[in-house]
Protein chains: 2
Amino acid sequence: MNELQERILKDGQALGNGILKVDSFVNHQVDPHLMDTCGRDFAKRFANVGATKILTAEISGIAPALTTALHMGLPVVYARKTKPITMPDQVYLTLAPSHTKGRMVELIVSPEYLANDEKVLIIDDFLASGQTILGLARLAEAAGSKVVGIGALIEKIFEGGRDALASLGVPIESIACIKSLDDGKIEFVE
Amino acid sequence: MNELQERILKDGQALGNGILKVDSFVNHQVDPHLMDTCGRDFAKRFANVGATKILTAEISGIAPALTTALHMGLPVVYARKTKPITMPDQVYLTLAPSHTKGRMVELIVSPEYLANDEKVLIIDDFLASGQTILGLARLAEAAGSKVVGIGALIEKIFEGGRDALASLGVPIESIACIKSLDDGKIEFVE
């Protein structure tokens with residue numbers, strides 16, 4: 001069992017309806033040491049995919065994407081959910097359903113920072129239905145970049161995201177892969 | 001001249017109306033090495049304030065707060081701007097004006113992660129009018145915590161934030177302190 005899995009068992013909470021609360025070390029309060037360990041792990045797992053840039057979505061993807069980027073020596077771009085005034089008028093924009101907000105959210109990347117021929121490694125906190133990550137992949141493709149790998153801290157395998165992403169044909173890695181959250185009990189895939 | 005100042009001169013853009021665009025290394029694309037250098041710098045500057053927790057605001061504060069937290073060995077809490085479903089009903093909430101959104105935004109922290117007697121170091125990307133940081137300080141005070149220091153990557157001294165925060169009576173550190181952005185020219189305080 002790795003450090004993230006141990007922490008999930010210790011401090012994670014299965015709230016019902018497939019919701020795993022990890023607000024004390026990932027989503028609201030962040031444990032920087034744990035994020036660094038996970039970033040090092042991703043850097044090792046994706047050492048040979050030839051990535052030139054890391055792509056994530058604000059907000060909760062930023063911490064694991066940043067520590068992965070640190071260990072790989074790559075820049076990280078986080079897709080914005082609202083367009084800041086500093087962004088040009090012409091952008092890459094896609095819609096993805098948000099679990100926590102219960103509606104569609106925009107994912108926006110400036111063409112300034114996602115160029116043609118970039119090799120993109122997508123890192124996020126959760127892989128659940130895979131819809132946010134598919135949205136990021138659409139942004140990368142729109143920019144003429146190629147997705148070369150997908151990493152998530154926590155995968156909820158029962159939500160089918162891995163199947164939804166299969167057509168991308170890239171390696172998908174999760175550090176803690178959860179089989180079930182039924183009856184408040186957290187079970188990992190062996 | 002430090003690494004952040006050099007990078008601002010090289011890649012920052014003064015867009016007029018006091019707006020400094022640093023989207024290529026801080027606000028949309030992030031340079032993890034630069035963030036790590038700044039985090040190490042903050043850790044050194046605030047080594048003796050006795051901080052027990054780092055507090056920032058989503059979104060752009062997360063990267064510098066995380067690297068500072070890494071170098072100080074402290075947890076970091078980022079105030080949310082929308083309340084996720086995993087947060088309890090009873091929260092600390094305050095309003096602060098958002099520059100980029102042109103309206104008031106909520107800053108929300110769960111009482112689970114900001115406790116009585118915590119010594120809080122606030123880290124953010126920008127210190128401009130100081131209103132976001134004042135909002136974070138109000139959250140800390142509401143929780144019975146004490147603010148012990150304030151750090152910003154970039155200070156726009158002409159917006160008066162340092163004066164607005166003076167009543168907190170804590171050390172305020174910025175890594176790049178900007179005197180003027182007039183006529184598209186970036187000038188630092190000596």
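**Close-up views of a predicted two-chain model**

**View 1. Helix α4 of chain B and its buried residues.** In this predicted model, the buried residues of α4(B) are B:I62, B:A63, B:P64, B:A65, B:L66, B:T67, B:T68, B:A69, B:L70 and B:M72. The helix spans residues 62–72 and is mostly covered, with 10 of its 11 residues buried. Burial here means 20 or more other C-beta atoms within 10 Å of the residue's own.

**View 2. The side of chain B that touches chain A.** Contacts link 35 residues of chain B with 35 residues of chain A. Six elements of chain B each supply at least two residues to this side: β2 (19–21), α2 (23–27), β3 (29–30), α3 (32–45), α4 and β5 (76–79). Helix α4(B) gives the most, with five residues. By residue class, this side of chain B divides into 19 nonpolar, eight polar and eight charged.

**View 3. Strand pairing between the chains.** Strand β3 of chain A (residues 29–30) pairs with β5(B). The sense is antiparallel, over two bridges. A:V30 has B:V76 in β5(B) as its bridge partner.

**View 4. Strand β9 of chain B, enclosed by the rest of the structure.** Strand β9(B) covers residues 146–156. Of its 11 residues, 10 are buried, so the strand is largely enclosed by the rest of the structure.

View 5. Strand β8(B), residues 119–127, pairs with β9(B) in the parallel sense over eight bridges. B:L121 stands opposite B:G149 of β9(B). From β8(B) the chain passes through helix α5(B), residues 131–142, to reach β9(B). This β-α-β crossover is right-handed. Strand β10(B), residues 172–180, also pairs with β9(B) in the parallel sense, over six bridges. There, B:S174 of β10(B) is the bridge partner of B:A152.

Key:
Residues are numbered from 1 along each chain as its sequence is written. Chains are lettered from A and ligands numbered from 1 in the order in which they are written. This is a predicted model: local features need pLDDT of at least 70, side-chain atom pairs count only at pLDDT 80 or more; totals for chains, interfaces and linings use all residues. A residue is buried if 20 or more other C-beta atoms lie within 10 Å of its own, exposed if 12 or fewer, and partly exposed in between; C-beta atoms are placed from the backbone. Helices (H or I, at least four residues) and strands (E, at least two) are DSSP runs, numbered from the N terminus. Two strands pair if DSSP finds at least two bridges between them. A crossover is right-handed if, with the strands pointing away from the viewer, the path from the first strand over the helix to the second runs clockwise. Two residues are in contact if their C-beta atoms, placed from the backbone, lie within 7 Å. Ala, Val, Leu, Ile, Met, Phe, Trp, Tyr, Cys and Pro count as nonpolar, Asp, Glu, Lys and Arg as charged, and the others, Gly among them, as polar.
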